Amino acid sequence: MDELDCTIVNRLQEGFPVVARPFAAVASELGLDEDDLIARVGRLVDKGALSRFGPMYQVERMGGAFSLAALRVPRAAFDRVTRIVNALPEVAHSYERAHDYNMWFVLATETPAGIAAAVAKIEQATGLPVLNLPKLREFFVDLKLTADAP
Amino acid sequence: MNDVRGIALDAADRRIVVATQAGLPLTPEPYHAVARAVGLAPEEVMRRLQRMLDLGVIRRIGAVPNHYALGVRANGMSVWDVDDARVNELGARVGALSFVSHCYHRPRVPPHWRYNLFAMVHGRERGEVEVKVAEIADLLGVACRAQDVLYSTRILKKTGLRIKTVLSAEC
């Protein structure tokens with residue numbers, strides 16, 4: 001990423017306007033052409049610097065639910081369990097972490113009852129008990145990562 | 001216990017959610033492209049997106065950077081066993097620290113899990129995360145009885161939210 005890419009990433013974390021030509025609006029703020037901005041955003045998405053670009057929906061506000069859950073997976077079973085967990089559409093993302101609880105994943109479902117159903121499915125398919133840690137409260141401050149040119 | 005309630009979305013809102021959850025089209029008039037895909041007027045799509053923003057159904061519209069691509073290689077989930085009577089007050093202070101990207105109060109699950117406060121801390125390497133974790137420890141002081149930091153060693157899946165037709169986030 002060059003300096004301009006960083007400026008674009010930082011600016012686009014601040015929000016994107018809901019107007020007929022939003023890229024033109026942001027481009028003029030940054031002193032760019034609309035087409036250049038669109039092309040650069042496309043490249044940043046293609047090369048994975050942006051994991052996505054668009055609205056960030058809050059599932060709970062739509063009646064859905066999120067939970068953070070974890071498994072203690074025996075080393076030898078790790079790949080098999082990863083396949084089982086990742087195959088579920090309810091699993092939005094999963095990470096391996098250096099801990100006794102070595103697999104952590106976020107469940108996102110369309111109803112609160114969907115979380116329990118997904119947990120049951122994972123327990124049944126893996127034979128492992130799920131540590132289910134739904135948030136009780138979020139202390140939310142919308143902070144952005146700062147992109148710096150290397 | 002969650003302080004958020006579901007907000008009624010109608011069928012047209014849901015079509016917009018489904019059409020945009022993977023991202024906005026990268027064209028000069030992205031909302032017009034969405035409008036064509038869902039069979040609504042562009043003004044109607046923009047009005048509905050703005051309403052969802054105002055209601056918090058959409059947290060924001062914009063870019064979601066990949067931490068790793070930004071040189072953030074150490075991603076530590078710090079977990080804390082904090083006095084339940086003080087967790088709201090302390091969680092709010094930890095959540096306000098500039099380097100904490102997400103902060104949550106979660107249940108304990110004895111005997112397996114004793115930690116009730118979670119704070120995500122990112123850094124270019126682990127040493128940077130450790131310095132930040134020490135700052136949190138200072139802030140919590142005697143209210144903290146135990147702590148741990150779980151570093152991610154691999155991303156196994158990252159698709160974000162996918163709803164089918166009814167609804168469907170980031171973390």
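## Interface between chain A and chain B

Buried area is the accessible area (1.4 Å probe) that two parts lose on being put together, summed over both. In this predicted model, the area buried between chain A and chain B is about 7,600 Å², and carbon and sulfur atoms contribute 61% of that area. Met56(A), Tyr57(A) and Phe139(A) supply 12% of the area that chain A buries against chain B, more than any other three residues. Counting contact as heavy atoms within 4.5 Å, the interface draws 74 residues from chain A and 87 residues from chain B.

Being a predicted model, it is treated with thresholds: local features need pLDDT of at least 70, side-chain atom pairs count only at pLDDT 80 or more, and totals for chains, interfaces and linings use all residues. Residues are numbered from 1 along each chain as its sequence is written, chains are lettered from A and ligands numbered from 1 in the order in which they are written, and side-chain values use heavy atoms, with hydrogens and water left out.

## Polar and charged pairs across the interface

A salt bridge is defined as a side-chain nitrogen of Lys or Arg within 4 Å of a carboxyl oxygen of Asp or Glu. Two salt bridges are counted between chain A and chain B. Arg154(B) forms a salt bridge with Glu96(A), with the closest N and O atoms 3.1 Å apart.

A polar contact is a pair of N or O atoms within 3.5 Å; within protein, one must be able to donate a hydrogen and the other to accept it, and residues adjacent in sequence count only if both atoms are side-chain atoms. By this rule, 34 residue pairs (both at pLDDT 80 or more) are in polar contact across the interface of chain A and chain B. Strand 1 (residues 50-57) of chain A provides eight residues, the largest share of the side of chain A that touches chain B. Strands here are DSSP runs (E, at least two residues), numbered from the N terminus.

## Strand pairing between the chains

Two strands pair if DSSP finds at least two bridges between them. Strand 1 of chain A and strand 1 (residues 58-65) of chain B run antiparallel and are joined by seven bridges. Within this pairing, Phe53(A) stands opposite Ala63(B).

An open sheet is formed by nine strands in the order 5(A)-2(A)-4(A)-3(A)-5(B)-2(B)-4(B)-3(B)-6(A), with antiparallel pairing. Its edge strands, each pairing on one side only, are strand 5 (131-133) and strand 6 (137-138) of chain A. Strand 6 of chain A pairs with strand 3 (residues 100-105) of chain B in the antiparallel sense over two bridges, and Arg137(A) has His105(B) as its bridge partner.

## Selected residues of chain B

Asp148(B) lies in strand 5 (residues 144-158) of chain B. Asp148(B) counts as partly exposed because its relative accessibility is 25%, given that buried means under 20% relative accessible area, exposed over 50%, and partly exposed in between (1.4 Å probe, protein chains only). Leaving aside residues up to four places away in sequence, Asp148(B) touches His99(A), Met77(B), Ser78(B), Val79(B) and Tyr115(B). The side chains of Asp148(B) and His99(A) make a polar contact (3.3 Å). The C-alpha atoms of Asp148(B) and Met77(B) are separated by 8.3 Å, although these residues are 71 residues apart along the chain.

His102(B) is placed in strand 3 of chain B and counts as buried because its relative accessibility is 17%. The side chains of His102(B) and Ser101(B) are joined by a polar contact of 3.0 Å. Pro110(B) and Pro111(B) are joined by a cis peptide bond, with omega about 5 degrees. Pro111(B) lies in the loop between strand 3 and strand 4 (117-123) of chain B.

Methods: Helices (H or I, at least four residues) and strands (E, at least two) are DSSP runs, numbered from the N terminus.
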